[in-house]
Amino acid sequence: MKVAVLAPDENPRSRDFAGKLEKGLSTEFRILDGSMAEAAFASSVKERPFNMTTGEAQNAGAAIGCHYFLLVRADLQRRSAFKREEFYEAFAVVYAVSTKTGRLVSWALESFDDDRADGAEKKLSASAAALAGRIAARIKEDARRTEPPALTSIEEVPGPDAPEAKNLRPPLPFRRISPVYTATADYYNVEATVDILVDIGADGEVLNAEIVRWAGYGLDESVEEAVRKMNWRPADRNGKTLAMRVLLRYNFKDIEDEEQ
């Protein structure tokens, strides 16, 4: 199985941690040349590499020529906290993505703090081997997974000018529930978009929900949880209810930025 480990932000700390993950993963997978993989990735993904749609991820994986790819972002920042003097936090965020489905199969955050910058960085560096092992296990688990049969009877909401839109009332929640902007996303000032495809049955039940633009930081799970909690009025055409697939989009922004 071929795996590529990428540091799209080109930060030296990201590249260093990516190299340590490569070493840990090399006993389980064939690791592709980093520079060539990053060049192929850059030619395919022009923006928002850590907030991709499943289609963009599939295209990127095809350009690289791998089964899975990892996106790594690592950095060191000075922090302060109540009743504590300034300290340093070294962190790494790692996305593991399937080329076949474009899905985010694993998201991990490693974070360590210390009174000294080099102390925090040493702790982060020491965590790479164990993290590589956990990611390898998730990749193997995903590779063994059997996809459920597609729901071929689900119709997608047509555009307003499409003939199918005539006399159609699309699904609508009786009460919208806003997904939670997670504490982790807030701590790292994350701005991201999460898209989710939702299949609503003729009885208004949520049949299936799939994230098709992922973000990590617990935001994907927050969106799916909110969608599944909603009570839906099913779609109907000419008074007859029918199952229908809808695409929902949620934009997340740092709470403090929204208040300004």
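The model is predicted; local features need pLDDT of at least 70, side-chain atom pairs count only at pLDDT 80 or more, and totals for chains, interfaces and linings use all residues. Residues are numbered from 1 along each chain as its sequence is written, and side-chain values use heavy atoms, without hydrogens or water.

The chain holds eight helices and 14 strands. These are DSSP runs numbered from the N terminus (helices H or I, at least four residues; strands E, at least two). The C-alpha atoms fill a box of roughly 65 × 45 × 30 Å along the principal axes. Of the 260 residues, 45% count as buried. Buried means under 20% relative accessible area, exposed over 50%, and partly exposed in between (1.4 Å probe, protein chains only). Among contacts (heavy atoms within 4.5 Å) between residues at least 6 apart in sequence, 69% join residues at least 24 apart.

Helix α3 spans residues 54–64, and its buried residues are Thr54, Ala57, Ala60, Gly61 and Ile64. They cover an arc of only 120 degrees around the axis, which puts them on the same side of α3. The arc is that of the directions from the helix axis to the C-beta atoms. Asn59 and Ala62 are exposed on the other side. The cover over the buried residues of α3 includes β1, α2, β3, β4 and β10. Gly65 follows α3 and has a positive phi, near 85 degrees.

Helix α7 covers residues 219–229 and buries Leu219, Asp220, Ser222, Val223, Ala226 and Val227. Seen down the axis, these residues fall within an arc of 165 degrees, so they line one face of α7. The face turned away carries the exposed residues Glu221 and Lys229. Among the elements covering the buried side of α7 are β5, α6, β9, β10, β11 and β14.

Aromatic rings of Phe, Tyr and Trp (its six-membered ring) pair if their centres lie within 6.5 Å; planes under 30 degrees apart count as stacked, over 60 as edge-to-face and the rest as tilted. The count comes to nine aromatic pairs. The ring centres of Phe50 and Tyr95 are 5.5 Å apart with planes at 50 degrees, so this pair is tilted. Phe50 lies in the loop between α2 and α3, and Tyr95 in strand β4, 45 residues apart. Phe50 is buried at 16% relative accessible area; Tyr95 is buried at 2%. Tyr188 and Tyr217 form another tilted pair, 6.2 Å centre to centre and 50 degrees between the planes. One aromatic cluster includes Phe50, Tyr95, Tyr188 and Tyr217.
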